[in-house]
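Have the model open as you read.

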There are 2 protein chains.
Amino acid sequence: MAAEAGPISKVLIVVAMQTEAMPLVHKFKLVEAPAHESTFPKGAPWVRYHGNYKGLHIDLVLPGKDAVLGVDSVGTVSAALLTSFSIQTLKPDLIINAGTAGGFKAKGASIGDVFLASDVSFHDRRIPIPVFDMYGIGARKTSAVPNILKELNLKIGKLSTGDSLDMSPQDEKVILSNDATVKDMEGAAVAYVADMFSTPAIFVKAVTDIVDGDKPTSEEFLQNLIAVTAALDLAVTKVVDFISGKRISDL
Amino acid sequence: MAAEAGPISKVLIVVAMQTEAMPLVHKFKLVEAPAHESTFPKGAPWVRYHGNYKGLHIDLVLPGKDAVLGVDSVGTVSAALLTSFSIQTLKPDLIINAGTAGGFKAKGASIGDVFLASDVSFHDRRIPIPVFDMYGIGARKTSAVPNILKELNLKIGKLSTGDSLDMSPQDEKVILSNDATVKDMEGAAVAYVADMFSTPAIFVKAVTDIVDGDKPTSEEFLQNLIAVTAALDLAVTKVVDFISGKRISDL
């Protein structure tokens, strides 16, 4: 990546839900790329906003609405596809995957906390055959960003990813084994693709619900989504402000 | 797709494991596309074989070996990525997703049976929020192929997809609700992408293990993989022979 040699120029922000994305679109004064200028293949519902902010070119992409059902195309498959095609066509120096997550109070998470993920893994890809089991878990360290952590006073924790909003007993067992503090539906898939295409990636995850608490995740998630998105967007803005003018090795 | 107007010209066969792929590569006398001619982005472990067979151009693609762990890159994320980039670069008229699967004896499946999937869905994407729940399940009908079914005497059943080789009680509940006869780790993701990019797709799945039987899936899967792959390859060859010279609407 060219970024190693000079300051970071192009940042790709990958977000799963429109509710999470729009405050950032407004904050960075991004505009939507019109369909006829789309860098994405015809048929994909993916959406791109872009613009310049403090010397950076920012592309913010989201998987868009399911063509039939009209809901945000959440989860690992859409996130992996979107990130792959975005890397190939936009050639970012750095990826920021920003989103909401469930947090574990036993690991110190509270509603509204914003975490940077030190590690990512999957918790719903159980393949009980030697070596395939490790492939399924897909554990990887994220790009080290010691200076961001020091300067911005964010929490750090391990992130575990699965395609369900809830948590089955089997998921829970793997999440414990993954030593995760936060749980989302996209992170490890974004990391898998970023790694494949040698693009540094960081993961900013804001806690909308306490997984090991009393309330059902879906209820707590919807209750807190808007408020926690504000905390997420504040944290992402601080990260982007910090990145401005720096090299990857400065993060 | 041009195929609607004339005979099918380009067939894309998507396979997850090398063991499943190699007999087909030999049968159709395909050759591996060298790395410097790759149509895939740098960094992706995906592999393509291609050649001409009975008037068809066949591309057979597989997700390849994990760069670190060396095992086949099975599962929905890799299958979706591979299928997407293959559609964009190879522009097939028809996709055949061929592979092994678990079968349910309660629904009439036996080891070595080969099924065409009438429907696909996911069983490990539980999102208990209205409409998102349907997005998670991702149920879709596959391209109708009444003449293939009639001529080739294949079984037909619904296919449910998840990223685990085993089956948790939660998976089982959704699989029952999906009314599935066979269970795999890629099909619904391939169907999602094929649908997105308006490419007809059929799903040929051979049963390596009985999910509702006595033996652990991983043991039975490995015991039967080679023998069942032969049945799979025979069925795929019969399907490809049938396709030769026909239009999509003839299938």
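In this predicted model, helix α1 (residues 18–27) of chain A packs against helix α7 (residues 217–243) of chain A at an angle of about 45°, with the axes 9 Å apart. Axes here are lines fitted to C-alpha atoms, for helices over the stretch in contact, and angles run from 0 to 180 degrees between N-to-C directions. Helices are DSSP runs (H or I, at least four residues), strands likewise (E, at least two), and both are numbered from the N terminus. α1(A) and α7(A) are therefore oblique to each other; under 35 degrees would be roughly parallel, over 145 roughly antiparallel, 65 to 115 roughly perpendicular, and the rest is oblique.

On the α1(A) side, the contact (heavy atoms within 4.5 Å) uses Thr19(A), Glu20(A), Pro23(A), Leu24(A) and Lys27(A). From α7(A) come Leu225(A), Ile226(A), Thr229(A), Leu232(A), Asp233(A), Val236(A) and Thr237(A). By class, that contact has six nonpolar, three polar and three charged residues. Ala, Val, Leu, Ile, Met, Phe, Trp, Tyr, Cys and Pro count as nonpolar, Asp, Glu, Lys and Arg as charged, and the others, Gly among them, as polar.

Now for a pair that spans the chains. Helix α6 (residues 187–196) of chain A meets helix α2 (residues 76–90) of chain B at about 50°, axes 11 Å apart, which makes α6(A) oblique to α2(B). α6(A) also passes α2(B) in a right-handed crossing. Ala189(A), Tyr192(A) and Val193(A) of α6(A) touch Val77(B), Ser78(B) and Leu81(B) of α2(B). Those residues divide into five nonpolar, one polar and no charged.

| Helix pair | Angle | Axis distance |
|---|---|---|
| α1(A) and α7(A) | about 45° | 9 Å |
| α6(A) and α2(B) | about 50° | 11 Å |
| α1(B) and α7(B) | about 45° | 9 Å |

How do the copies relate? A rotation of 180° with 0.0 Å of shift along its axis puts chain B on chain A (RMSD 0.0 Å), by least squares on C-alpha atoms of residues with pLDDT of at least 70 in both. The two copies are thus related as by a two-fold rotation axis. Among chain B residues, Val77(B) comes closest to that axis, at 2.5 Å (C-alpha). The same surface serves both copies, with 100% of the contact residues of chain B recurring in chain A.

An unreviewed UniProt entry annotates residues 10–239 of chain A as "domain: Nucleoside phosphorylase"; such annotations may be inferred rather than shown by experiment. Over residues 10–239, chain A is 35% helix and 27% strand, and the end C-alpha atoms are 14 Å apart.

Residues are numbered from 1 along each chain as its sequence is written, and chains are lettered from A in the order in which they are written. Local features need pLDDT of at least 70, side-chain atom pairs count only at pLDDT 80 or more, totals for chains, interfaces and linings use all residues, and side-chain values use heavy atoms, leaving out hydrogens and water.

Conventions. A crossing is left-handed if the near helix is turned anticlockwise from the far one by less than a right angle, and right-handed if clockwise.
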